[in-house]
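Try each task before reading its solution.

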Amino acid sequence: MIALRDRAAVAYAYRLDGRPTPAREAEARRMLDDFSFSTLPNEDSPWHAPVVQLKDIHKLIDRIYDACFVVIAWLVGARVSEILGLEAGCIERHVGPDGREVTYLHGRIYKMATGDGGQPHRWIAPEPVVRVVDVLERLSAPIRKKLGTSNLWMLTRDPALLRQPIGIPHEWSLRRPAEQQLPEQCSTFPFIKEDLGT
């Protein structure tokens with residue numbers, strides 16, 4: 001998906017470079033048409049049909065964000081605000097006195113914390129959490145670089161983003177905290193509703 005997102009960003013930029021023409025539109029479309037999803041073991045065809053529109057890429061990326069959120073919430077037990085506050089580089093590895101490596105997810109706890117910044121906290125991070133943080137870091141890298149932020153949760157739920165380069169939010173969406181972009185998912189994940197106080 002990250003490779004497809006990158007290819008779509010190049011196609012989008014190519015389409016907008018200079019004056020859009022039917023030939024440029026066709027070439028941008030070909031850039032996406034050449035992409036095919038991988039075929040899973042013991043399957044005859046790719047796991048997903050070819051992408052027809054740019055908005056389909058956004059939907060797939062949103063599902064990746066959803067899956068990453070669920071894995072972290074399930075295996076770490078952090079609250080919504082704590083998960084959405086995670087930043088790039090939040091995985092820490094330490095060697096214990098017995099010589100074994102322990103992996104932690106480093107973030108902040110906001111509930112009952114004094115002040116706005118929360119209190120630093122570490123949760124033990126099993127390998128699936130380490131993998132999803134790596135995915136989040138790669139997925140959010142272009143936006144984080146452009147915005148100069150380390151926040152991992154660069155959500156793209158705003159329909160106006162479908163008219164923007166892949167992964168580059170427009171100004172209005174930048175003013176919306178991630179927690180305000182998530183309530184529509186509360187019906188899917190009821191535990192989120194409780195943590196957001198809605």
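**Exercise 1.** With which residue does Asp-134 form a salt bridge?

*Solution.* Start with the conventions: this is a predicted model, in which local features need pLDDT of at least 70, side-chain atom pairs count only at pLDDT 80 or more, and totals for chains, interfaces and linings use all residues. Residues are numbered from 1 along each chain as its sequence is written, and side-chain values use heavy atoms, leaving out hydrogens and water.

Next, apply the criterion: a side-chain nitrogen of Lys or Arg within 4 Å of a carboxyl oxygen of Asp or Glu. The partner is Arg-138, with the closest N and O atoms 3.3 Å apart.

**Exercise 2.** Is Glu-82 buried or exposed?

*Solution.* Take the cut-offs first: buried is under 20% relative accessible area, exposed over 50%, and partly exposed in between (1.4 Å probe, protein chains only). At 3%, Glu-82 is buried. Its salt-bridge partner, Arg-79, lies 3.0 Å away, N to O. Arg-79 is partly exposed at 32%.

**Exercise 3.** Find the salt-bridge partner of Arg-122.

*Solution.* The partner is Glu-92, at 3.8 Å between the closest N and O atoms. Now place both: Arg-122 sits in strand β3 and Glu-92 in strand β1, 30 residues apart; strands are DSSP runs of E, at least two residues. Arg-122 is partly exposed at 39%, and Glu-92 is partly exposed at 22%.

Key: Helices (H or I, at least four residues) and strands (E, at least two) are DSSP runs, numbered from the N terminus.
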